[in-house]
Amino acid sequence: TRVVCLVRRPDGEPLPGDFAVEKRPLPPLGEGQLLVRNLYMSVDPSMRGRLESTEKHYTHNFTPGTPLDGRALGVVEESRCASVPPGAFVRHQLGWRERAVLDAADTDGADRIDPRLAPLPTWLGLLGLLGQTGFTAYVGLTRIAQVRPGDTVFVSAAAGAVGTAAGQFARLLGADRVIGTAGGPDKCVLLVEEFGYHAAADYRAEPVRHALARLAPDGIDVYFDNVGGEQLAAALHALRTGGRVALCGMMSQFGGDRRPADINQLIQAVLKRLTLRGFIVRDHDDLRPEFERRVAGWLTEGRITARETVVEGLENAAGALLSLLGGGNVGKMLVRLDEC
Ligand code: NDP
């Protein structure tokens with residue numbers, strides 16, 4: 001089968017030549033296993049850290065000469081498991097390849113989905129009921145930052161997969177004012193017109209500290225942080241006494257221009273009795289039933305919008321990752337494989 005391999009670890013910014021599409025033999029299909037043809041693959045920012053040798057991430061790092069992996073959705077072509085027939089759709093962790101052999105019984109291995117309930121890309125994307133990015137936004141807002149009616153909420157990387165969910169959810173959770181930052185004027189228009197933000201600012205065009213002073217002159221109560229760096233420092237200044245920060249990710253520290261937040265800005269946390277809390281979504285699975293119930297309601301009522309950016313073909317998958325890191329996506333970044 002064709003797979004995307006890491007050829008070498010990036011020296012600084014990842015480049016297209018760090019990846020190659022290669023052919024690899026598939027293992028024989030054993031008892032209880034499924035042969036799956038992948039239809040969609042998820043492109044995630046966390047893959048950036050996994051390209052490095054040293055940085056520790058929440059799952060294993062990639063090894064040069066071996067295929068990448070990640071969340072994917074495929075159709076079963078052959079089955080040696082009675083409960084999962086050929087033709088079933090499954091979500092699993094062996095993306096970045098055309099075909100994969102999975103253990104049907106392994107809970108991490110294959111998770112069957114019903115394509116009648118939602119379009120296939122949605123199952124990997126923003127609002128798939130079990131979609132990781134929608135759930136990340138929900139956990140960060142409800143459990144970590146504890147958004148309350150009347151809050152002013154600020155979300156960075158607001159036009160991305162987590163950010164488009166977070167803006168819409170924050171409003172539905174009762175926030176009075178929801179502000180987002182994104183790269184470029186087009187994304188800022190989308191934030192307000194499609195994704196429920198009251199106001200948006202282009203972080204490349206203006207210092208975020210100025211933007212927050214303009215858009216939230218009375219301060220903010222919650223910061224949902226997808227990027228770290230300068231935006232985190234700006235948010236610390238804008239937060240009101242007792243404000244809460246959900247530390248979700250650090251996109252600004254993945255790029256070439258890794259300006260760290262000045263650690264001394266944390267004095268703001270002392271002065272204003274702030275709560276800053278990092279989280280990894282997989283530790284909060286107990287919230288899933290509540291998330292599914294509420295988001296299913298919002299979906300059927302037509303109160304939330306899902307959006308994906310879809311890149312075609314395995315040979316363009318590495319390019320999709322580089323594009324994601326540079327902000328080339330709106331909503332969830334996915335790769336669709338040729339044959340589907
Ligand atoms: P996104 O769809 O948001 O894609 C990443 C976005 O980051 C890009 O579109 C780009 O948008 C923005 N970006 C890139 N570089 C910078 C920069 N220097 N400064 C500010 N923004 C930048 O990805 P996801 O929604 O999948 O993930 C969003 C965040 O959530 C990531 O930090 C990710 O690591 C984190 N995450 C955390 C989880 C957890 O359990 N804690 C689980 C899943 C995701 P723009 O054009 O606006 O620059």
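1. Let's start with helix H4, residues 161-172. At 1.5 Å a residue its 12 residues should span 16 Å, and the end C-alpha atoms are 17 Å apart, so the two values agree. (The expected span is 1.5 Å times one less than the number of residues; helices are DSSP runs of H or I with at least four residues, strands are runs of E with at least two, and both are numbered from the N terminus.)

2. Before going on, some ground rules. This is a predicted model, where local features need pLDDT of at least 70 and side-chain atom pairs count only at pLDDT 80 or more, while totals for chains, interfaces and linings use all residues. Residues are numbered from 1 along each chain as its sequence is written.

3. Is H4 mostly covered or uncovered? Mostly covered: 11 of its 12 residues are buried, among them Ala161, Phe169 and Arg171. (Buried means that 20 or more other C-beta atoms, placed from the backbone, lie within 10 Å of the residue's own.) These buried residues pack against helices H3 (132-144) and H5 (185-193), and against strands S8 (152-155), S9 (177-182), S11 (220-225) and S15 (332-336). After H4 comes Gly174, with a positive phi near 105°.

4. Now try H10, residues 317-325. Its buried residues are Ala317, Ala318, Ala320, Leu321, Leu324 and Leu325. They cover an arc of only 155° around the axis, which puts them on the same side of H10. (The arc is that of the directions from the helix axis to the C-beta atoms.) Their packing partners include strand S1 (2-6), helix H1 (46-50) and strand S14 (308-312). Gly327 follows H10, and its phi is positive too, near 85°.

5. Next, the domains. The assignment, which is automatic or from a database, gives domain 1 (2-125 + 307-336) and domain 2 (132-282). Their C-alpha centres lie 29 Å apart. Across the boundary, 14 residues of domain 1 are in contact with 15 of domain 2, where contact means C-beta atoms, placed from the backbone, within 7 Å.

6. Where does the ligand lie? Both domains give residues to the shell around the ligand, so it lies between them. The ligand is surrounded by 32 residues, and the closest are Gly160, Ala161, Gly183, Gly249 and Gly327. (A residue is near a molecule if its C-beta atom, placed from the backbone, lies within 6 Å of it.) The elements giving two or more residues to this shell are H3, H4 and H10.

Definitions and conventions. Two residues are in contact if their C-beta atoms, placed from the backbone, lie within 7 Å.
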